[in-house]
Amino acid sequence: MNTRTANLHEDGARGLRARKAGRRVALGAVALAAAATAVMAPSAGAAPSAGAGVAAACTAWRTIQVDDNAAGVKYRECDRYSGLDTQTKAQLYIWDNRHDGKIAQVWTATGSNLNGTWHQSWHKYYTWGNEAHHSPLVDTGWHKGHDVKVLLKNVRG
């Protein structure tokens with residue numbers, strides 16, 4: 001083997017070692033990413049993440065009834081935080097339990113109680129008049145604030 005052939009052989013072996021080392025690093029990075037994903041991924045029973053890097057926390061379900069249970073709403077409040085930005089939403093089911101010509105009307109609002117004063121950032125009315133079953137899940141979506149207000153009325157439909 002002459003000097004040129006020996007150098008080519010050595011360079012080829014060095015390149016092969018570098019490629020193998022690169023594959024090991026790449027495989028190690030893939031394994032590390034898979035392990036990190038498995039650790040960070042929520043379990044099947046866990047609530048999904050509210051956004052990129054932002055987790056949401058929800059209260060227990062609460063119930064409001066009016067007019068001897070002629071109308072009702074079951075709701076919960078969810079909050080998520082990202083730095084100083086706080087958002088809140090309501091999830092609710094509405095019932096109209098009587099065939100009395102009235103429907104359930106729910107007013108929801110988001111905002112914050114600052115120094116005893118309510119500062120509203122969003123509101124909407126939802127109605128339901130089917131006595132056979134409750135409404136599908138109503139999700140108000142995320143809005144600026146720390147608090148949700150939910151008011152229920154039984155009104156003429």
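1. Burial in this note is by relative accessible area: buried is under 20%, exposed is over 50%, and partly exposed is in between (1.4 Å probe, protein chains only). K149 is partly exposed under these cut-offs, because its relative accessible area is 31%. Of the 157 residues of the protein, 25% count as buried.

2. This is a predicted model, in which local features need pLDDT of at least 70 and side-chain atom pairs count only at pLDDT 80 or more, while totals for chains, interfaces and linings use all residues. Residues are numbered from 1 along each chain as its sequence is written, and side-chain values use heavy atoms, with hydrogens and water left out.

3. Confidence comes next. The average pLDDT (the predictor's confidence in each residue, from 0 to 100) of the protein is 78, and 66% of the residues score at least 70. Over residues 16-51 the pLDDT stays under 50. For that stretch the model has seven contacts (heavy atoms within 4.5 Å) beyond four places in sequence.

4. The protein has one helix and nine strands. These are DSSP runs numbered from the N terminus, with helices being H or I of at least four residues and strands being E of at least two. Along the sequence the pattern reads α-β-β-β-β-β-β-β-β-β. Of the contacts between residues at least 6 apart in sequence, 59% join residues at least 24 apart.

5. Which residues touch the most other members of the largest nonpolar core? They are V73, L92, I94, V106, V150 and L152, in a core of 16 residues. Strand 3 (71-82), strand 4, strand 5 (102-114), strand 6 (117-128) and strand 9 (147-156) are the elements that give two or more residues to this core. A nonpolar core here is a set of buried Ala, Val, Leu, Ile, Met, Phe, Trp, Tyr and Cys residues joined through side-chain atoms within 4.5 Å. In soluble globular proteins, nonpolar side chains tend to be buried together.

6. Leaving out residues up to four places away in sequence, V150 touches I64, V73, Y75, V106, W107 and T108.

7. S112 is in strand 5 and counts as buried, at 10% relative accessibility. What does the side chain of S112 make a polar contact with? The partner is the side chain of H146, at 2.9 Å. A polar contact is a pair of N or O atoms within 3.5 Å; within protein, one must be able to donate a hydrogen and the other to accept it, and residues adjacent in sequence count only if both atoms are side-chain atoms. Not counting residues up to four places away, S112 touches T117, W118, H119, G145 and H146.

8. A search of the whole structure finds one disulfide (a pair of cysteine sulfur atoms within 2.5 Å). The disulfide is formed by C58 and C78, with sulfur atoms 2.0 Å apart. The link is right-handed, with 105° about the S-S bond. C58 lies in strand 1 (residues 56-58) and C78 in strand 3, so the pair ties together parts that are 20 residues apart in sequence. C58 is partly exposed at 38% relative accessibility, whereas C78 is buried at 1%.

9. The count of salt bridges comes to one, by the rule that a side-chain nitrogen of Lys or Arg lies within 4 Å of a carboxyl oxygen of Asp or Glu. K89 and D139 form the salt bridge through their side chains, at 2.9 Å from N to O. The pair links distant parts of the chain, as K89 is in strand 4 (residues 85-96) and D139 in strand 7 (residues 138-139), 50 residues apart. K89 is buried at 11% relative accessibility, and D139 is partly exposed at 37%.

10. D67, which is not a glycine, has a positive phi of about 50°. D67 lies in the loop between strand 2 (62-66) and strand 3 and is partly exposed, with a relative accessible area of 43%. N115, also a residue other than glycine, has a positive phi near 55°. N115 is in the loop between strand 5 and strand 6 and counts as exposed at 83% relative accessibility.
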